[in-house]
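Thanks for coming, everyone. Please have a look at the structure on the screen before I go on.

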Amino acid sequence: MASLYKSVCYCTNLRRSSNAISEIYDTALKSTGLTIAQYYLLISLWRLGSANITHWAEHVGLDRSTMVRNIKPLQNRGLIEAAPGKGKTFALSAEGRTTLNSAVPLWQEAQKQIETALGKDDIEALFRISDKLLQL
């Protein structure tokens, strides 16, 4: 395998890091059929109880059109269902709750793997830097 070019571009380095981290979570969650992005959407909906697309999108930091595209696979798998509320409102289905219950311990293992690899100081730095970047 060719050596990866060491970029000085902040964006390139963050994207590479994000891809590496996502791969750890996606691998951990593989048996559930979820990606880390889908897990995040489901766990967020679980925390909200139910939500319309706009509120759910705001909660997870996506624009509405991106949210609509991202929830289609969740709908197709029967992981979310229509719920009472204003606009198109969703809640986890029974299948969604079962899948999420299976996914949580796998997510926790991925968290531990990353914590072990980075160590406490670098995890704290990661959160500190992430907070600063989100303020840009």
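I will talk about the nonpolar core and then the aromatic pairs.

What you see is a predicted model, in which local features need pLDDT of at least 70 and side-chain atom pairs count only at pLDDT 80 or more, while totals for chains, interfaces and linings use all residues. Residues are numbered from 1 along each chain as its sequence is written, and side-chain values use heavy atoms, with hydrogens and water left out.

Let me begin with the largest nonpolar core, which has 26 residues, and in which Leu42, Trp56, Met67, Ile71, Leu74 and Ile80 touch the most other members. By such a core I mean a set of buried Ala, Val, Leu, Ile, Met, Phe, Trp, Tyr and Cys residues joined through side-chain atoms within 4.5 Å, where buried is under 20% relative accessible area, exposed is over 50% and partly exposed is in between, with a 1.4 Å probe and protein chains only. The largest share of this core, six residues, comes from α2, helices being DSSP runs of H or I with at least four residues and strands runs of E with at least two, numbered from the N terminus.

Now the aromatic pairs, of which the whole structure has two; rings of Phe, Tyr and Trp (its six-membered ring) pair if their centres lie within 6.5 Å, and planes under 30 degrees apart count as stacked, over 60 as edge-to-face and the rest as tilted. Tyr39 and Trp107 are stacked, because their ring centres are 5.9 Å apart and their planes are at 15°. Trp56 and Phe90 are tilted, with centres 6.3 Å apart and planes at 50°, and both residues are buried.
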